[in-house]
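The points are grouped by topic.

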Amino acid sequence: MMNIVILPGDGIGPETMSVAVNVLETVAARFNLPLNLDHDVAGHASMQKHGATVTEALLEKVRAADGLMLGPMATYDFKDEAKGEINPSKFFRKKLDLFANIRPAKTYPGIPTLTGPFDLIVVRENTEGFYADRNVESGNSEILVTPDVAISLRRITRTCCERIARSAFELAQQRRGHLTLVHKHNVLKVTDGIFLDACREVAKEFPKVSVDDFIVDAMMAHVVRAPERFDVIVTTNMFGDILSDLTAELSGSLGLGGSLNAGLQHAMGQAAHGSAPDIAGQDVANPFSQVVSASMLLSWYATRSGQSTYQEASKAIDAAMQACIRDKEVTHDIGGALGTKATGQALVRRLQSGH
Ligand code: NAD
């Protein structure tokens, strides 16, 4: 039995997560998949109920489960941890050591794009880097020196670089065998020196994977100019966060950007985008980012548990999504005329009928 905790999140989260839940329930029925969904809250809903965006009790529940589906969070609203305003994404990534954020981006026939077809994955380190809320044991690594002077620290450790590099090489080895390292070594000579060094050391374990590297600013131009040249891309936390929004949007919409946050014991499916307050409650958000994330979580569990039915369910979700895209049963952001709910219903119908 796979146990998944469902946390709908803020803004568009409840709308898109409801589609992901329907999709999970549909594949559970179709594939006779042992799946238990445990519904709870995080973010603003948890703040109202428990006085904090996340709680230790919720963490214990998630630790005991096999996976977590986390909706987008209104992170910008959560400013003071002392008042219970904890960034839930950081909380789970750090507490469960979900060090690898896997963010695929690929084009689909039927969705208009600025570029030609491509299929790539951004592998982003998730537990340190330029993220002030997660790279120190306690407190925060942004320091207000005087009211007008502030310092932000970026932590890079060889161990974290090695493990994210290994995740990326493993993926590249299963795909087209090419890995691109993205850095700013021309300026961040010490920290990105360690990152590049660690990646090149790990590369020795994967002699069949070819490697190149780009400075992050130039990478933005290369990925817009010719995204098809990239297979797997590995980079540090902040660079990966920015680059993966770009690659998702290039694939047609940020609303297609699904992701998996994976550690050795746990994994969390989570859309790459935020809570999108500008479109929340309007039934226009693209639910596919959340659906892709759910599919990735099932696939991760299939590998971890050795139970291939979960992999079949994941593949069926991907195929149903592709069929919806082909027949334009999609939201406005990717050229359709349906709302969030109707897109979810179309997807469920495809999954039930198997085509
Ligand atoms: P955003 O990612 O929420 O939205 C950026 C743009 O993309 C908006 O125009 C939005 O309407 C659009 N968009 C996002 N998801 C979409 C979808 N599924 N379908 C169609 N369009 C979609 O970025 P923002 O507005 O800068 O941030 C809003 C809040 O989300 C902030 O509080 C921010 O801190 C937070 N945030 C959270 C996460 C996370 O939980 N992982 C990630 C990024 C931002």
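A residue is called buried when its relative accessible area is under 20%, and exposed when that area is over 50%. The structure is a predicted model. By the cut-off of under 20%, Ala 132 is buried, because its relative accessible area is 13%. The points below begin with the surroundings of that residue and continue with helix packing, aromatic pairs and backbone angles.

**Ala 132 and its surroundings**

- Ala 132 belongs to the loop that runs between strand E5 (119-125) and strand E6 (142-146).
- When residues up to four places away in sequence are not counted, Ala 132 touches Asn 140, Ser 141 and Glu 142.
- Ala 132 and Ile 143 are eleven residues apart along the chain, and a distance of 9.3 Å separates their C-alpha atoms.

**Helix H1 against helix H11**

- Helix H1 (residues 13-30) packs with helix H11 (residues 340-353) at an angle of about 10°, and the axes are 10 Å apart.
- Angles under 35 degrees count as roughly parallel, and H1 and H11 are therefore roughly parallel to each other.
- H1 contributes Glu 15, Val 19, Asn 22, Val 23, Thr 26, Val 27 and Arg 30 to this contact, while H11 contributes Thr 340, Gly 344, Leu 347, Val 348, Leu 351 and Gln 352.
- Sorted by class, the residues of the contact between H1 and H11 are six nonpolar, five polar and two charged.

**Helix H1 against helix H9**

- The axes of H1 and helix H9 (residues 288-305) come within 8 Å, crossing at roughly 40°.
- H1 and H9 are therefore oblique to each other, and their crossing is right-handed.
- On the H1 side the contact involves Thr 16, Met 17, Val 19, Ala 20, Val 23, Leu 24 and Val 27; on the H9 side it involves Gln 290, Val 291, Ala 294 and Leu 298.

**Val 27 within H1**

- Val 27, a residue of helix H1, counts as buried at 1% relative accessibility.
- Apart from neighbours within four places in sequence, Val 27 is in contact with Asn 32, Leu 33, Leu 298, Ala 313, Ile 317 and Leu 351.
- The C-alpha atoms of Val 27 and Val 348 are separated by 8.8 Å, although the two residues are 321 residues apart along the chain.

**Helix H5 against helix H6**

- Helix H5 (residues 158-174) and helix H6 (residues 191-203) have axes that come within 8 Å and cross at roughly 45°.
- That angle makes H5 oblique to H6, and H5 passes H6 in a right-handed crossing.
- From H5, the residues Arg 158, Cys 161, Glu 162, Ala 165, Arg 166 and Phe 169 meet Ile 194, Phe 195, Asp 197, Ala 198, Cys 199, Val 202 and Ala 203 from H6.
- The contact of H5 with H6 comprises nine nonpolar, no polar and four charged residues.

**Aromatic pairs**

- Four aromatic pairs are found in a search of the whole structure.
- One of them joins Phe 214 and Phe 230 in an edge-to-face arrangement, with 5.8 Å centre to centre and 75° between the planes.
- Phe 214 lies in strand E9 (residues 210-215) and Phe 230 in the loop between helix H7 (216-225) and strand E10 (232-235), so this pair ties together parts that are 16 residues apart in sequence.
- Phe 214 and Phe 230 are both buried.
- Tyr 301 and Tyr 310 also form an edge-to-face aromatic pair, at 4.8 Å centre to centre and 80° between the planes.
- Tyr 301 is buried, as is Tyr 310.

**Positive phi angles**

- Most residues other than glycine have a negative phi.
- Asn 32, which is not a glycine, has a positive phi of about 50°.
- Asn 32 is located in the loop between H1 and strand E2 (35-39), and is exposed with a relative accessible area of 70%.
- Ala 276 is likewise not a glycine, and has a positive phi of about 45°.
- Ala 276 is located in the loop between strand E12 (267-269) and H9.

Conventions:
Residues numbered from 1 in each chain as written. Predicted model: local features only at pLDDT ≥ 70, side-chain atom pairs only at ≥ 80, totals over all residues. Heavy atoms only, no water. Axes fitted to C-alpha atoms, helices over the stretch in contact; angles between N-to-C directions. Helix = DSSP H or I, 4+ residues; strand = E, 2+ residues; numbered from the N terminus. Parallel < 35°, antiparallel > 145°, perpendicular 65-115°, else oblique. Left-handed = near helix turned anticlockwise from the far one by under 90°. Contact = heavy atoms within 4.5 Å. Nonpolar A, V, L, I, M, F, W, Y, C, P; charged D, E, K, R; others polar. Phe/Tyr/Trp six-rings, centres within 6.5 Å; stacked < 30°, edge-to-face > 60°. Buried < 20%, exposed > 50% of the residue type's maximum accessible area, 1.4 Å probe, protein only.
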